[in-house]
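Please look over the sequence and the model below before reading on. The paragraphs that follow take the structure part by part.

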Amino acid sequence: MSTTETVPAPDQAIGDPTAPVVSFEHVSIGFDGHPVLLDINFQARSGEMVIVLGPAGGGKSVLLKLANGLLPPDAGRIRLFGMNIQTLPQDELFTFRRHIGMVFQESALFDSLSVRDNVSYRLIEERDNQEDIDRRVLECLRFVELEEAIDKFPPELSGGMKRRVAIARAIITQPSLLLYDSPTGGLDPITSTTIIELVMKQRDVYESTALLVTHRLQDAFTLATHRFNLKENRMERIENDGIDPNTTIMVLKQGRIAFTGSLVDLLRSKDPYIQEYLA
Ligand SMILES: Nc1ncnc2c1ncn2[C@@H]1O[C@H](COP(=O)(O)OP(=O)(O)O)[C@@H](O)[C@H]1O
Ligand SMILES: [Mg+2]
């Protein structure tokens with residue numbers, strides 16, 4: 001059997017289409033006897049964006065690595081597209097990752113590879129022919145408005161440009177699930193907003209599902225209260241002070257979920273920790 005037959009097209013459904021795209025059930029993990037995440041339960045439905053807020057060192061990156069199958073939990077179960085990732089054979093997990101795009105913390109680009117090769121990296125590992133790869137790389141760079149940087153190398157790029165490349169790399173397989181690890185970390189406020197606008201564009205153009213971790217409350221506010229207007233090519237406030245019904249906010253506190261709900265629920269929360277967090 002050739003790989004072409006076994007690897008599903010990225011736009012094809014995978015797993016159980018009626019199941020949540022991501023589901024954590026009683027998930028715990030720790031390192032060297034120190035608990036990092038404790039009894040984490042949440043779901044992300046198709047088209048939903050779950051924004052995970054929490055302090056540095058609070059387990060946000062660990063949560064995304066669990067969601068991507070890069071780390072196994074000590075306890076509990078993680079299902080993606082209705083499938084238990086711990087019991088998937090290694091080769092299937094590889095196939096499976098084509099349906100997931102991850103934007104790593106600090107972009108994690110290969111400095112010795114050009115932008116073109118960074119973006120196409122995951123396709124070259126797999127089945128695609130060169131013509132398809134070239135076309136897809138251009139499409140993705142156009143999406144993040146960085147076509148002109150195609151032959152540059154990461155050390156020649158600004159922090160914001162690196163994030164754009166990281167997003168282009170994550171969407172190259174047209175994944176239905178995006179995992180964003182602190183996409184605005186280390187960026188100035190204006191550049192942060194342009195990256196969040198791009199995350200929103202991805203969300204609203206492709207209606208993908210996403211987990212996004214950030215320490216910036218502002219990111220959650222912007223994503224929950226704006227929508228991308230493709231015609232105008234910019235985000236705009238949702239009319240009548242509305243909020244996006246597909247945005248859920250989750251706040252971590254000492255390894256546990258201290259809050260989950262909409263932005264409105266968050267702002268109304270009487271929990272002293274949340275109020276302090278919002279202050
Ligand atoms: N592979 C690992 N081995 C040991 N400790 C780890 C590992 N990955 C993360 N940790 C620890 O887990 C905790 C949470 O880390 P992390 O998820 O990176 O936090 P953040 O919320 O800042 O992303 C930290 O104390 C970190 O040192
Ligand atoms: Mg982190």
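**A walk through the fold**

Phe-81 is buried, its relative accessible area being 6% (buried means under 20% relative accessible area, exposed over 50% and partly exposed in between, with a 1.4 Å probe and protein chains only). This residue sits in the loop between strand 4 (75–80) and strand 5; helices (H or I, at least four residues) and strands (E, at least two) are DSSP runs, numbered from the N terminus. The phi of Phe-81 is near 50 degrees, a positive value in a residue other than glycine. Most residues other than glycine have a negative phi.

The model is predicted: local features need pLDDT of at least 70, side-chain atom pairs count only at pLDDT 80 or more, and totals for chains, interfaces and linings use all residues. Residues are numbered from 1 along each chain as its sequence is written, chains are lettered from A and ligands numbered from 1 in the order in which they are written, and side-chain values use heavy atoms, with hydrogens and water left out.

Consider the chain as a whole. The protein chain holds ten helices and twelve strands. A compact globule of 279 residues would have a radius of gyration near 19 Å, and the 18 Å of the protein chain agrees with this; the radius is taken over C-alpha atoms, and the globule rule is 2.2 Å times the number of residues to the power 0.38. Along the principal axes, the C-alpha atoms fill a box of roughly 55 × 45 × 35 Å. Of the 279 residues, 51% count as buried. The accessible surface is about 13300 Å², and carbon and sulfur atoms contribute 50% of it; accessible areas come from the Shrake-Rupley method with a 1.4 Å probe, and for residues only the protein chains shown count as cover. Of the contacts between residues at least 6 apart in sequence, 65% join residues at least 24 apart, where contact means heavy atoms within 4.5 Å.

Four strands form an open sheet in the order 2-1-4-5, with antiparallel pairing; two strands pair if DSSP finds at least two bridges between them. Its edge strands are strand 2 (34–44) and strand 5 (83–84), each of which pairs on one side only. Strands of a sheet pair through backbone hydrogen bonds, either parallel or antiparallel. Seven bridges link strand 1 (residues 22–31) to strand 2 in the antiparallel sense. Val-22 is opposite Ala-44 in strand 2, and Gly-30 is opposite Pro-35 in that strand. Two residues lie between the strands of this hairpin, in which Asp-32 takes a positive phi near 50 degrees. Strand 1 also pairs with strand 4, again in the antiparallel sense, over five bridges, with Phe-24 opposite Ile-78. His-26 is found in strand 1, and its phi is near 50 degrees, a positive value in a residue other than glycine.

Helix 2 (residues 60–67) has seven of its eight residues buried, so it is largely enclosed by the rest of the structure. Among the buried ones are Lys-60, Val-62, Leu-63 and Leu-66. Just after helix 2, Gly-69 takes a positive phi of about 75 degrees.

Leaving aside neighbours within four places in sequence, Gly-101 is in contact with Arg-122, Ala-170, Pro-175, Leu-177, Leu-178 and Leu-179. Arg-122 is one of the buried residues of helix 4 (residues 115–124). The cover over the buried residues of helix 4 includes strand 6, helix 5 (130–143) and helix 6 (159–171). Gly-101 and His-26 are 75 residues apart along the chain, and their C-alpha atoms are separated by 24 Å.

Strand 9 (residues 226–229) and strand 10 (residues 234–237) run antiparallel and are joined by four bridges; His-226 has Arg-237 as its bridge partner. Four residues lie between these strands, and Asn-233 in the turn has a positive phi of about 55 degrees. Asn-233 is 143 residues from Gln-90 in sequence and 40 Å from it in space, C-alpha to C-alpha. Gln-90 lies in helix 3 (residues 90–96) and is exposed, with a relative accessible area of 61%.
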